[in-house]
Structures are given as structure tokens and as C-alpha cells.
Amino acid sequence: MFVGAREFVVAGDTQGLTALLHYPCEAASRPTSFGPYALDVSVDAALAPGRFPLVAISHGSGGSPLLYRTLSLLLARHGFIVALPKHPGNSLGDNDLADSPRIFRERPRQLIALLDALSADATLAAALAAEPVTAIGHSLGGYTVLSVAGGQPWSRSRQPIPVPHDERIGALVVMAPACGPFLAPHSLAAVSAPILAFTAEHDVLTPDAEVRAALAGVADPARVSIRTVPNAGHFSFLSPFPAHMHHPGFAPAQDPSGFDRERFHHWFPRQILEWLEGVRRARGALRG
């Protein structure tokens with residue numbers, strides 16, 4: 001199956017919310033430049049016939065959708081529609097709200113606004129499978145999806161952060177998630193979706209111990225699988241960067257000594273795919 005790619009604009013969003021869509025298509029793909037990256041896609045191709053489950057991937061603070069291209073392209077090739085929002089105010093080239101109290105409120109709202117817009121789009125609605133959405137997030141994107149799935153985050157001043165929730169979320173994958181806002185008791189008690197969490201052995205930004213402490217507070221800890229990646233760092237979950245972007249001043253391209261990001265990204269996205277397929281099989285067995 002080939003992969004289509006198109007930009008999706010959330011009409012009426014005053015902040016200019018957009019998303020990159022990757023999806024199954026029948027039109028032959030070809031290497032296409034997206035900034036410094038080359039993606040094997042068919043731009044603006046029609047969706048393949050059928051219905052496909054939806055995955056949304058929320059990037060980290062100051063990041064962009066293209067940083068998760070190895071994962072999104074694999075999922076699209078295997079029959080998922082993948083929506084990668086570019087979070088206004090907290091993305092590459094538009095990062096004025098970074099670390100502000102407002103962005104902790106806005107990010108969950110933005111993700112829900114995207115889900116609403118996708119469901120309202122006639123073409124996409126006809127292609128979406130009638131099943132729960134999978135939400136994937138890295139770093140502050142992990143915070144975002146945990147909030148939308150029912151989490152109650154807390155500010156540094158120990159005040160509850162008002163965030164919207166969405167019952168459409170049926171599975172969560174978090175990579176080095178920012179879990180500090182969920183360390184207060186019962187912060188994640190309303191999160192019932194199964195969770196696959198990845199942490200990095202040498203992550204000083206979102207430490208493994210902090211992630212485990214927060215996720216222990218979900219409704220059913222038995223539905224949480226946490227995998228620590230040996231020798232990885234916080235940015236190791238980002239798709240590999242071109243060689244010319246590897247320099248000491250660009251932290252997202254840096255990994256702990258000896259870590260092979262190229263090799264890791266041949267393995268890592270498939271672990272997520274296999275887990276998602278297992279969740280879908282289990283869900284189907286329950287319905288049967």
C-alpha cells in the first residue's frame with residue numbers, strides 16, 4: 001500500500017491550526033522534499049477505498065509533525081489514517097507560547113479541535129473506521145494526549161489546569177512524556193485507555209522514574225506497558241535527521257554516545273504498530 005500526504009486546515013480556528021495527514025492510497029508514491037526531509041509519498045492523492053482507524057500524533061514543545069515521519073509513514077502503509085497537528089504557539093517557527101501556562105490549556109483544546117474537524121470533513125469521515133482513536137505523544141505531546149484522555153494536570157503553583165477531555169480516545173502511546181503535571185494524587189485516575197509508554201535510560205528532561213510514578217495512578221495500572229530504551233536520550237524518539245543537521249548546537253539530533261538512532265527507528269515504529277494491532281484484536285474479541 002502507498003502513502004498519501006496532504007495538509008489539513010482546521011477551518012475557523014483563529015490560531016491557524018493545521019495538520020499533516022498520512023494515509024493509505026493507491027497512487028504510486030515518489031520521493032518528495034518536505035523542508036530538509038525526503039518522504040516517499042503521493043502528495044494530495046485520493047484515499048484508498050475502505051475504512052481506516054485514526055491515529056493522532058502530538059509533537060513535543062517547539063517541534064513539528066515531520067519529526068515523527070518514520071512512525072507516521074509506517075502506520076499509514078499498514079492501514080491507518082495518521083493526523084499530525086502542528087500546535088499553534090508551540091511549534092517550529094511559531095513558539096511564542098513555549099513554557100507559558102496558556103500552552104498547557106491550549107494543546108489539549110487544539111487536539112480535540114483537530115479530531116472534531118476531521119470527523120466533520122465529508123471525505124475523511126467516510127474513510128474513518130468506527131472505532132476509538134489512538135493518540136500518540138512525545139514529551140509535551142505526551143502531556144497533551146494524557147490530558148485529552150482524561151488526565152487532570154496541575155500547575156507548578158499547585159492549581160488544577162482546566163483541560164478538555166475526549167471519550168473518542170481508546171488507546172495511548174507516549175514517548176518520554178512530560179508527566180510532571182500528573183504527579184499529584186489521582187491526576188490520572190480517570191484515564192482508562194490502554195497505554196504503551198516508552199522512556200529513555202538517559203533522559204534528564206522526562207526521567208523514567210517520574211513517568212512510572214505518574215502512570216501508576218491510572219485507573220488500571222495493569223493496562224500500562226512501560227518499556228525503557230537502553231542508552232537512549234529524550235530526543236532519540238525523533239526520526240533521524242539528515243547528516244548536515246548533526247552538530248553540537250542542535251540538541252534534537254543528539255543521542256547518548258553509542259546510540260544508533262537510524263537502527264532504532266527500523267525497530268521502534270514496528271513495536272508501536274504491533275501493539276496497536278494487538279489492542280485492536282483485543283477490542284474486536286470483546287465485541288465478538
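Two strands are paired if DSSP finds at least two bridges between them, and strands (E, at least two residues) and helices (H or I, at least four residues) are DSSP runs numbered from the N terminus. The views below show a predicted model, in which local features need pLDDT of at least 70 and side-chain atom pairs count only at pLDDT 80 or more, while totals for chains, interfaces and linings use all residues. Residues are numbered from 1 along each chain as its sequence is written, and side-chain values use heavy atoms, with hydrogens and water left out.

**View 1. Strands β7 and β8 in the sheet.** Strand β7 (residues 133-138) pairs with β8 in the parallel sense, over six bridges. Within this pairing, Ala-135 stands opposite Leu-172 of β8. Seven of the seven residues of β8 (residues 169-175) are buried (under 20% relative accessible area, with a 1.4 Å probe and protein chains only; exposed is over 50%, partly exposed in between), so β8 is largely enclosed by the rest of the structure.

View 2. Strand β9 (residues 195-200) runs parallel to β10 and is joined to it by six bridges. Ile-195 has Val-224 of β10 as its bridge partner.

**View 3. The largest pocket.** A pocket is an open set of points on a 1 Å grid over the protein atoms alone, with protein on both sides within 12 Å along at least five of seven lines; a cavity is a set where a 1.4 Å probe fits but cannot get out, and lining residues have an atom within 4 Å of a point. Grid points are joined across faces, edges and corners, and a volume is the space filled by probe spheres set on the points. The largest pocket holds about 1100 Å³. Its lining has 49 residues, and Gly-60, Ser-61, Gly-62, Gly-63 and Leu-140 lie nearest the centre. Elements giving two or more residues to this lining are β1, β2 and α2, and α2 gives the largest share, four residues. By class the lining has 27 nonpolar, 15 polar and seven charged residues; Ala, Val, Leu, Ile, Met, Phe, Trp, Tyr, Cys and Pro count as nonpolar, Asp, Glu, Lys and Arg as charged, and the others, Gly among them, as polar.

**View 4. Helix α1 and the second largest pocket.** Seven of the nine residues of α1 (residues 69-77) are buried, among them Arg-69, Leu-73 and Leu-74. The second largest pocket has a volume of about 270 Å³. Of its 15 lining residues, Arg-69, Thr-70, Leu-73, Leu-74 and Arg-77 lie nearest the centre. The largest share of this lining, five residues, comes from α1. Just after α1, Gly-79 has a positive phi of about 95 degrees.

**View 5. The largest cavity.** One cavity of 30 Å³ or more is counted. The largest cavity has a volume of about 50 Å³. Its lining includes Phe-80, Glu-131, Ala-171 and Arg-280. Helix α6 (residues 261-287) supplies the largest share of this lining, four residues.
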